[in-house]
Amino acid sequence: MENETELRKPKGAGGYVLIAVSAIFFFVFLILPLVTVFQNAFSDGMLPYFKAVMDVYTRKATLLTLEVTAIALCVNTVFGLFAVWAVTKFQFQGKRILTTLIDLPVSVSPVIAGLMYILLYGRTSPLYPWLKSHSIHIVFAVPAIVIATIFVTFPYVFREIVPVLETEGTDEEEAAAIMGANWWTIFSRVTFPHMKWAFFYGIVLCTARAMGEFGAVSILSGHLRGLTNTLPLHVEILFNEFNSQAAFAVSSILVIIAIGILIVRSLLEARAKG
Amino acid sequence: MKAAGLAALVLLTGLLAGCGYQAVSGNHVTLINVSYDPTREFYESYNKVFAGYWEAKTGENVSVVQSHGGSGKQALEVANGLEADVVTLALESDIDAVESAGLIDQGWIDELPDDSAPYTSTIVFLVRKGNPKNIQDWDDLVRDDVAIVTPNPKTSGGARWNFLAAWSYASQKYHGDEDKCRAFVKKLYEHVVVLDSGARAATTSFTGNGQGDVLICWENEAYLSLADSDGAYEMITPSVSILAQPSVAVVDANAQDHGTADVAEAYLSYLYSDKAQEIAAQYYYRPVNKEILKKHSDTFDLTMKLTTIDDFGGWDEAQRRFFADGGIFDSIYEH
C-alpha cells in the first residue's frame, strides 16, 4: 500500500518541474485570459455590462450568430451523415479522394476560404450578373456568412463518426437487410445507435467552431452594423471603437456559450463511456 | 429524411432572410454608408441629425447602416459587391478605385464643393505623457531611440497621408532632392515597429497595447485618443504636414438600384450645412467652412504649413509614384 502511493508521487526535482511547467502553462494561456475577459467585462460594474449585452447591435449580432450556426449545423449534419454512410458502408471508386476532399476545409486558412467565395460570387465573377438579375445577394450579406461558416465546419460531424463506423463494419446492416428491413429501419435501428455519441460529439464541435468563426466571415461580411455583423466581428468593432469594456462584455457572451458547449461535451463523453 | 427536409427548410428561410434586405420600404429608407476607420463617432452623431433633417423635409424615415474599416479595404469591398449607397473614404484615390469598378460616375469629385471633401484633417504625432523622447518634429522620428507606429500605406488611406506628410517635410528640408527624401523616409520606416492594416488598428496598437514611442496619425484620431486617455498622451503638431481631404461620393450604380439616389445625395450635401460642420469640428475634423474653422482655432493649429495633394500632382500621380506595386514605398520598405 505504501509502495503504491510512493509510485504515484512525482520522483525527484524533474517531476515537480514538469508539473510546475504544465500548471504555469495552463494558468498563463487558459485561466488568466478567461479571468481577464470577465474582469474587463465587469470593470465598470453590472450596469454597463448589461447595457453592452442588451445593446441593439449586440442582440442583432447574437441572433445572426445563432441563426448562422443553426443553419451550418443542419447542413453539415445532414451532409455528414450521408457522407459517413456512403464512405463506411459502401465500396466505390474515388472514395479516398472524397474523404481527403472533405478534410480540405480544416487545412485551408479561413481567410483563403473567404477570398475564394469573393472571387466566386463577387462583382468580378462571371456568375455575378446572373445573381444580380435575380436579386440574389451572396457576398457581403447573410448568405455569404452562412456559406463561409458551413465551409469551415464542414468535416466535423463526418470526422467524428467515421472511425466509429469503420470499426463497426457492415455485418449487422447486411443481416438486417437479409431479414427484409428497409433502409430507414436499418439506419435508425442498426447504424445510428452505434454512432449516436460520436454523432452528438461532432455536433458539439461543429457548433463551437461555427460560433467563433472570424477569418472567413470577416472577409465576406462587409461589417454592416446590425445587418451582417456576427458576435466575433462585433467584438472587434467595439474594441476598435475604444470601447473595450463593451467588447469584453460581448466576448463574455461567447465565452459563456463556449463553456456551456464544453459542459454538454463532457456530459456526452461521460454518457458514451458509461 | 424528416431531418433532411427540416434542414433544407431552415436553410431556405435563412437564405431568403438574407436576400430580403430592402433599401426602401414604405416610409422607411435604409442607406448604407461605407466609411473608413476614424469616422465612426462622427457619423454616429451626424446620422441622427441627418435623419431629423430628412424627416422634417420629406416625412421619410431614414436609418443609416455604417461599415468601417481600412479605407483601401473598404473601397475594394464595394468594388467586389458590398452594396454601399455612399462611400465616405479617407482619400480620393480609394473612391477612384470604386469609380474604375464602374460603380461611380466620372467627375464625382466636382459633384460637391471643395473637391467633394466636406471636412479635412491633417497628420500629427501622438506621444506618451510628458513626451519622454522629446519629439517635436519629423527629424526626431528618425533618431535611433524612437519607435514609430503607423499603418501600412498599401491598405490604409490614413497611412498614405502619413507617408506623404513625411515626404513633404523631407522635400522642404532637402529642397526637393528626391534621393535625400527617399533616404529620409526609408530611415523613418525603418523605425516603424508595428505596421497595422488600418488607422484605427494602429491607434489601438499605440494606446491599447503600448507599442512604440510615437503614433503618426490623423489629427482627429489624436484628439479622440486624448479625450479618452486622462492625460496619458500628448499631441505634437509638426512644422510641416499635409492637408488631408477625405472625400465622399454617391455610389451611383447601387443608389439607382436601391432607389436611394435622392436621399444619398442629400446625405452628402447636408455634410456642408452649418450644423454638420459644427459636428465635424466637435469630432475634431477641420470644417471646410472657413468661419466655423476659425471659431475652433484653439483646437486646430492653423499655423502648421500644410502641403496639399496637388503638390504631388494629384492622387493618380501620387498613387502611381509612391504606392503602386514597385513604387517608392515598395522600394524603401523591402528589407
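Helix axes here are lines fitted to C-alpha atoms over the stretch in contact, and the angles between their N-to-C directions run from 0 to 180 degrees. Helices (H or I, at least four residues) and strands (E, at least two) are DSSP runs, numbered from the N terminus. The model is predicted, so local features need pLDDT of at least 70 and side-chain atom pairs count only at pLDDT 80 or more, while totals for chains, interfaces and linings use all residues. Residues are numbered from 1 along each chain as its sequence is written, and chains are lettered from A and ligands numbered from 1 in the order in which they are written.

With these terms in hand, helix H13 (residues 231-240) of chain A can be followed to helix H14 (residues 244-273) of chain A: their axes come within 7 Å and cross at roughly 165°. The crossing of H13(A) and H14(A) is left-handed, meaning that the near helix is turned anticlockwise from the far one by less than a right angle; clockwise would be right-handed. On the H13(A) side, the contact includes Leu231(A), Pro232(A) and Val235(A), and on the H14(A) side it includes Ala246(A), Ala247(A) and Val250(A). Two residues are in contact if their C-beta atoms, placed from the backbone, lie within 7 Å. The residues of this contact divide into 10 nonpolar, 3 polar and no charged. Here Ala, Val, Leu, Ile, Met, Phe, Trp, Tyr, Cys and Pro count as nonpolar, Asp, Glu, Lys and Arg as charged, and the others, Gly among them, as polar.

Another pair in chain A is formed by helix H9 (residues 156-168) and helix H11 (residues 183-212), whose axes come within 7 Å and cross at roughly 165°. H9(A) passes H11(A) in a right-handed crossing. Among the residues making this contact are Tyr156(A) and Ile161(A) of H9(A), and Phe199(A) and Arg209(A) of H11(A). Its residues divide into 12 nonpolar, 2 polar and 3 charged.

As a whole, chain A has 14 helices and 0 strands. Its radius of gyration, taken over C-alpha atoms, is 23 Å, whereas a compact globule of 274 residues would have one near 19 Å; the globule rule is 2.2 Å times the number of residues to the power 0.38. Of the 274 residues of chain A, 35% count as buried. A residue is buried if 20 or more other C-beta atoms lie within 10 Å of its own, exposed if 12 or fewer, and partly exposed in between.

Turning to chain B, the secondary structure comes to 16 helices and 13 strands. Buried residues make up 50% of chain B. Helix H9 (residues 199-207) of chain B has 9 of its 9 residues buried, so it is largely enclosed by the rest of the structure. Val263(B), found in helix H12 (residues 261-269) of chain B, counts as buried because it has 24 C-beta neighbours inside 10 Å. Leaving aside neighbours within four places in sequence, Val263(B) is in contact with Val29(B), Leu31(B), Trp54(B) and Val62(B). Val263(B) and Leu31(B) are 232 residues apart in sequence but 8.0 Å apart in space, C-alpha to C-alpha.
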